[in-house]
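Colleague: I'm new to this one, could you walk me through it?
Modeller: Gladly, here it is.

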Amino acid sequence: MLLSATLLAACGQSADKTSTADSSAPADSGKTSAVATADTAQRIGNPKLLFTLGYTHNTPDGLALAPNGNIILSVPNLADNSQPASLVEIVGDSMRPYLSNLPVEPSTKKAAPMDLAFGPDGHLYYAENQYENDKNYKSRLMRVRVQNGKPGAVETVADGFGLANAVLWKGNTIYVTDSQWDLPDNDKGSAVMRFALAELNKGVVHLKPKTMDPHVLAFFTTKVNETGVDNGADGLDYDSQGRLYTGSFGDGTLYRMTLKPDGSLAKQEVVTTAGKQISCVDGLIIDRKTDKLYLCNSRQNAIEVVNLKDNSVTTLAQNGDTDGTGGLLDQPAEVLMKGNRLYISNFDKPEKNFVNSKSDAPHTMSVIDLQ
Ligand SMILES: [Ca+2]
Ligand SMILES: [Ca+2]
Ligand SMILES: [Ca+2]
């Protein structure tokens with residue numbers, strides 16, 4: 001029912017635009033663009049407000065399901081990093097502090113936690129994005145030691161990332177996207193890295209920037225468009241067959257990676273989607289019961305659903321420029337599914353030519369209850 005309604009809404013949008021163009025602005029009819037602007041974006045779906053965060057938590061991002069059923073949210077505060085970054089815990093419809101004294105990177109003096117996930121060892125791992133503080137490979141993969149359900153010491157397990165972004169555990173391997181992994185002859189690079197838990201337990205792994213480091217599983221090149229953003233591989237998850245998916249933040253390309261039994265890369269391919277062209281991929285999650293991939297289209301204030309059985313795209317929710325009041329999407333960055341509920345963090349830190357025009361209060365978390 002929900003998808004039917006979405007399709008009908010999408011059809012209605014096209015019909016309206018066509019008739020408007022025919023009657024009053026024929027010269028513009030060719031500009032019925034794939035990229036919605038603030039003025040033309042149609043309201044689709046019904047995201048609801050979960051809660052608002054104060055200015056001390058101005059940029060919510062990563063989401064991880066904890067073993068006890070609560071959700072851990074990272075707050076890198078990149079929109080206003082005069083406020084320290086932290087991790088908070090979502091309990092029911094409210095939040096409470098989880099870990100507030102994250103270790104800063106020694107040279108930037110900032111912490112910047114992005115995506116996060118609990119490992120098979122029970123500890124919590126988070127990617128760190130120092131790229132906006134220093135582009136010289138200062139980002140890290142961090143581990144929060146968890147004992148009796150409580151967060152304890154935080155330690156570096158790998159460093160030398162350009163912009164560590166999403167993390168994903170699958171068995172005893174952690175996969176990490178680096179949205180800015182460049183090579184000497186390619187400054188539009190990004191990568192999916194992989195690390196075995198056993199290796200992380202031997203000591204800090206030091207990546208070798210601007211090389212095809214042995215931890216690089218797959219490498220990508222961003223096609224820079226009118227946003228000027230060259231960030232590549234971003235969100236990360238795997239489907240019911242164990243195939244990995246990531247998407248490019250800068251150009252919206254969705255990629256599938258098939259692994260060999262030994263974990264090395266067998267095949268890397270572009271997922272050619274049917275229907276809507278996706279212009280930007282931020283955080284994503286796959287419901288492995290249905291093999292539907294839910295992704296944040298940060299640029300268009302939208303949550304898209306890709307049915308991996310036929311690669312069709314439908315828009316679950318979308319709205320124009322907003323401050324996020326009432327739970328409207330305000331540059332969604334990450335999605336997490338728990339039961340039938342989709343949790344959405346609103347990053348609200350726009351780039352050029354994004355529907356979202358400015359970072360503004362309220363700072364918000366949204367939810368969509370799936371049917
Ligand atoms: Ca770059
Ligand atoms: Ca806002
Ligand atoms: Ca906004």
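Modeller: A word first on pLDDT, which is the predictor's confidence in each residue, from 0 to 100. This is a predicted model, in which local features need pLDDT of at least 70 and side-chain atom pairs count only at pLDDT 80 or more, while totals for chains, interfaces and linings use all residues. Residues are numbered from 1 along each chain as its sequence is written, and chains are lettered from A and ligands numbered from 1 in the order in which they are written.
Colleague: OK, what is the mean pLDDT of the protein chain?
Modeller: The mean is 91, and 89% of the residues reach 70 or more.
Colleague: And where does pLDDT stay under 50?
Modeller: That happens over residues 1-34, for which the model has 21 contacts beyond four places in sequence, a contact being two residues whose C-beta atoms, placed from the backbone, lie within 7 Å. Where pLDDT is low, the predicted coordinates should not be read in detail.
Colleague: Changing topic, how many residues has the largest nonpolar core?
Modeller: It has 85 residues, and those with the most contacts inside it are Tyr125, Val167, Tyr294, Ile303 and Val335. A nonpolar core here is a set of buried Ala, Val, Leu, Ile, Met, Phe, Trp, Tyr and Cys residues joined through C-beta atoms within 7 Å. A residue is buried if 20 or more other C-beta atoms lie within 10 Å of its own, exposed if 12 or fewer, and partly exposed in between, with C-beta atoms placed from the backbone.
Colleague: Which residues does Ile303 touch?
Modeller: Leaving out residues up to four places away in sequence, Ile303 touches Tyr294, Cys296, Leu316, Ala317, Pro332, Val335, Ile344 and Ile368.
Colleague: Now the strands, what is the order in the open sheet that includes S26?
Modeller: That open sheet of 4 strands has the order S1-S26-S25-S24, with antiparallel pairing. Strand S1 (48-53) and S24 stand at the edges with a single partner strand each, so one side of each is left without a neighbour in the sheet. The twist averages 20° from one strand to the next, where axes are lines fitted to C-alpha atoms, for helices over the stretch in contact, and angles run from 0 to 180 degrees between N-to-C directions. Strands (E, at least two residues) and helices (H or I, at least four) are DSSP runs, numbered from the N terminus, and two strands pair if DSSP finds at least two bridges between them.
Colleague: How many bridges join S1 to S26?
Modeller: There are 5 bridges between these antiparallel strands, and Leu49 stands opposite Ser366 in S26.
Colleague: What about the hairpin, which strands form it?
Modeller: S4 and S5 form a hairpin with 2 residues between them, and Gly92 in the turn has a positive phi of about 60°. Strand S5 covers residues 94-99 and pairs with S4 in the antiparallel sense over 5 bridges, with Val88 standing opposite Pro97 in S5.
Colleague: Which residue joins Pro362 through a cis peptide bond?
Modeller: Ala361 does, with omega about 0°, and Pro362 is found in the loop between strand S25 (341-346) and strand S26 (363-369).
Colleague: Last one, is Gln331 buried or exposed?
Modeller: Gln331 counts as buried, because it has 28 C-beta neighbours inside 10 Å. Gln331 lies in the loop between strand S23 (312-318) and strand S24 (332-338), and has a positive phi of about 65° although it is not a glycine.
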